[in-house]
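Hello,

Here is the structure for your files. My notes follow below it.

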Amino acid sequence: MNTPEREHWSRGLGFTLAAVGSAVGLGNMWRFSYMTAENGGAAFVLLYVVLTALIGLPVMLAELTLGRGAARSPIQALAHYGGPRWRPLGALFVLAGFVILSYYSVIAGWTLRYAAEGLLFGFSTEVGAHFGEISRGWDAVAWHCGFMVLTIAFVAAGVRGGIERAALVLMPLLGVLVIGLAIYAATLDGAGAGYAYYFTTDFSSLLNFDVARDAAGQAFFSLSLGMGCILTYASYLKRDHNLPKEAMMVAVSDFSVALIAGLVVFPLLFALGLQSEVIGVGDSAVGALFVTLPKAFATMQAAGRVVGVVFMLALSLAALTSAISLLEVVVSSSMDSFGLRRKHAVWLGGFAIALLGIPSALDTSILEVMDSIGGAFLLVLGGLLLSLFVGWRVENPIAEAAAGRSYPGLRLWYFLLRWVAPPILALMAWFLFEDSLEKVRALLASP
Ligand code: TRP
């Protein structure tokens, strides 16, 4: 059902900031650093940049085009352009949203808790043990549920009153905090060694399929692609937007924040001699950032407490605007599909997601499996099907994207979607599938 009173952004900037808010999140810090550490540093980053430009940007423009053109949530938008046989792809998107938000909120709960504890009591020096307490058991469940309630509250307030308002306030604040942190990090002794590590490329891993596979997953995760999130936000757009420009804005902002985040993290770690602890990958790569950084903050005493609280706060805010966008996919789909009212859809969806997140809150190895299935495989699979859909099924997508104007790059865009993205994504999806399968097996085999 396409209701005539569909909500809209009140201003163009509202959409841009909300989309950037969706893209910029834990992916830029937690996931980026854990993936970089697992894949040997700068070569991973380079592949991630190449895949973002070659495939991420085209898929982003595809989502923007479908969303704005159909003005419907993902399932309906696909049916609108491709007929009812494409509805299952929309359902796959919603499923991915469920899975991702369920564990995303668990990690956001960790950051929220670090911020609160840092503010009230300072950072514990027993970091390893403390992270164990934070990331396991019913405490973790409680913080996860708390974060979900926060997310629910914003989404319940609607597109303009909740999502747009949150982005307008939180995104500029986040920008200031992150840049402030990077400037501070530059003043530390040893910052130079951190930069050097960050920007040194080992070219041999460029040809490694495992590295490419993770870089593809990371590109989709960080840009919020492959599950109809950007599509949903674009469905609240009015027709006169310059979509190629919006896609560029989101991709460039997202990448800048990831880059600047590295400029905060690496100097901090090197200045305190903690680099081996992130790069050496202990038993829980997922948690590395949340052990090493609090250790840095604890070592730095008073200054560390201020920096640490600011850092964790920035991370929580970034996570909040991303979680809002994930929940909105589930909400707008159930509003359109079942005719639910927003409030009901938000609480129902939010409750189900909170439940699904409990196993991840109890055990980080379950979280890691959820991330490899939802945060990588399902997204790349979704991106593959989406590029096939827009490249081969939608009639005249160039005209849909341009909406009466003309943009120079659209022919290249169409070419990339038809010929370049599908084979690469098919290969990556296959490798990610194998990787997820292996992780599930390992999890089941462990006691
Ligand atoms: N991109 C966000 C991050 O980097 C997370 C996110 C929000 C996301 N919406 C998404 C990831 C949709 C995949 C799909 O933290």
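His144 sits in helix H7 (residues 138-156); helices are DSSP runs of H or I, at least four residues long, numbered from the N terminus. His144 is buried, at a relative accessible area of 0%. Buried means under 20% relative accessible area, exposed over 50%, and partly exposed in between, with a 1.4 Å probe and protein chains only. Beyond residues up to four places away in sequence, His144 touches Ser102, Ser105, Val106, Gly109, Ile353, Ala354, Gly357 and Ile358. Contact means heavy atoms within 4.5 Å.

Some ground rules. This is a predicted model, in which local features need pLDDT of at least 70 and side-chain atom pairs count only at pLDDT 80 or more, while totals for chains, interfaces and linings use all residues. Residues are numbered from 1 along each chain as its sequence is written, and side-chain values use heavy atoms, with hydrogens and water left out.

Confidence next. pLDDT is the predictor's confidence in each residue, from 0 to 100. The protein averages 91, and 96% of the residues score at least 70. Helix H11 (residues 229-234) has the highest confidence, at a mean of 98, and helix H13 (residues 275-279) the lowest, at 61. Over residues 279-283 the pLDDT is below 50; this stretch has seven contacts in the model beyond near neighbours in sequence. Where pLDDT is low, the predicted coordinates should not be read in detail.

Back to H7. Val155 also belongs to this helix. Val155 is buried, with a relative accessible area of 0%. Outside four places in sequence, Val155 contacts Ile324, Leu327, Glu328, Val331, Arg342 and Val346. Ile353, one of the contacts of His144, is 198 residues from Val155 in sequence and 14 Å away in space, C-alpha to C-alpha.

Now helix H10 (residues 209-222), and its crossing with helix H19 (residues 410-445). Their axes come within 9 Å and cross at roughly 100°. Axes are lines fitted to C-alpha atoms, for helices over the stretch in contact, and angles run from 0 to 180 degrees between N-to-C directions. H10 and H19 are therefore roughly perpendicular. Angles under 35 degrees count as roughly parallel, over 145 as roughly antiparallel, 65 to 115 as roughly perpendicular and the rest as oblique. The residues of this contact divide into nine nonpolar, one polar and three charged. Nonpolar covers Ala, Val, Leu, Ile, Met, Phe, Trp, Tyr, Cys and Pro; charged covers Asp, Glu, Lys and Arg; the others, Gly among them, are polar.

Helix H3 (residues 42-70) also meets H10. Here the axes come within 8 Å and cross at roughly 50°, so H3 and H10 are oblique to each other. By class, this contact has twelve nonpolar, three polar and one charged residues.

Helix H4 (residues 74-82) is mostly covered, with eight of its nine residues buried. Its cover includes H3, H11 and helix H17 (364-393).

Most residues other than glycine have a negative phi. Ser224 lies in the loop between H10 and H11 and is buried, at 10% relative accessible area. Ala403 lies in the loop between H18 and H19 and counts as partly exposed, at 24%.

Best wishes

Terms used: Helices (H or I, at least four residues) and strands (E, at least two) are DSSP runs, numbered from the N terminus.
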